[in-house]
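Let's take a walk through this structure together.

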Amino acid sequence: MENILVKQIDEAATQREVIIMGDFNYPEIDWGTETCSSSKGLVIGAAVSLSQVKQILLKKVSKLPQDKTKIFQALLQQLSTLAGEQIRSMASLGGHVISKGATSDLNPVLAAGGAMLNLVSKGGIRTIPLNEAFFTGSSALKPGEVLISVLIPYSPKEQFISAFRQAQREENAFAIVNAGMQVQFKNGTDVIKQIAIYYGGIGPTTVPAKNTCQALTGSIAKPLTDLTKKGADVVNWSSAAVEAFQELKRRFSSAPMLCQPDVSLPFQVEVDASEIGAGAVLSQRDSDCSMMKPCAFFSRKFSPAERNYDVGNQELLAMKWAFEEWRHWLEGAKHRVVVLTDHKNLTYIEYAKRLNPRQAR
């Protein structure tokens, strides 16, 4: 293993990459220095602490052009509030990345910015992108592979990167949700050439906003539209055209379609309220596939006075509005109507002996 690590450092120096390694106490290698500059980006060893990463990025930002270090600046924004100073001094960059933590503050930014992972094993060296396949794929790392370093690329001139973090406190608190966003425009235009958005805190690991990115970068049907142009080969489709056709078929067949209410089947009403309004869905279970299908949707904005109601009364008001909206279906229904709400305290209404004037109305 040591020979392979030495070989990687030699290759990095030959390719004129920047590589900073952690202190592994191997006398054969000077792990704590930068070897040289690189046109690709900054390669930081997996064992380097997050505090050291912060100092390295600060040094690079002060020396390099601002438009070249946009991803460095976004990472510094996250590092300034990630955990506390003691944890940052002990935690390593590689450990932070390889854990694929759901609330990782760095992984969304690294993934959006196009970071690469350098892996080493007895079989040699391999480089993989830090993307959805890494976060969700169980086979991203092969048996015996070790993460040795992370390549953080320089930012092209037309690229913009932003980081976001929401937590209960500025430091020493896990993020409720975080994000890394990157957009690159076509030279001299406002047309999006490439976009990547990754979120943390909304799933078991870092997840991409694929549908949003796809919608922003152009039409799904564009490869098919191109076939209508003069001179296009309409017989031999490209792989992009085939993929677009299959995706359109999938979306047309899976989109939610309203079904006609059937008075012989039970109704289900789902209600929810927010700070500014309320919404509801009227559904029935399909007799063919046993799936709940929507029959109708309803939403309404709260008045200034209604915004002052407590959560329980707002949810109850949403329920009242829903039953008024669909009275012609629900009143005298053959089966008992099931009402779903995320406010459990409303269950007392069914057994309450006394109601306040607002609830009674």
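The side chain of Arg88 reaches the backbone oxygen of Leu79 at 3.4 Å, inside the limit for a polar contact (a pair of N or O atoms within 3.5 Å, one able to donate a hydrogen and the other to accept it; residues adjacent in sequence count only if both atoms are side-chain atoms). Arg88 sits in helix α4, residues 85-90, and it counts as buried because its relative accessibility is 3% (buried means under 20% relative accessible area, with a 1.4 Å probe and protein chains only). This is a predicted model, where local features need pLDDT of at least 70, side-chain atom pairs count only at pLDDT 80 or more, and totals for chains, interfaces and linings use all residues. Residues are numbered from 1 along each chain as its sequence is written, and side-chain values use heavy atoms, leaving out hydrogens and water.

Now find helix α2, where Leu50, Ser51, Val53, Ile56, Leu57 and Lys60 are buried. Helices (H or I, at least four residues) and strands (E, at least two) are DSSP runs, numbered from the N terminus.

Next, the sheet: 4 strands make an open one, ordered β12-β11-β10-β13, with mixed pairing (two strands pair if DSSP finds at least two bridges between them). β12 (292-301) and β13 (338-340) are at the edges with a single partner strand each, so one side of each has no neighbour in the sheet. Strands β10 (residues 268-273) and β11 (residues 277-285) run antiparallel, joined by 6 bridges. Look for Gln268, which stands opposite Ser283 in β11.

Definitions and conventions
Buried means under 20% relative accessible area, exposed over 50%, partly exposed in between (1.4 Å probe, protein chains only).
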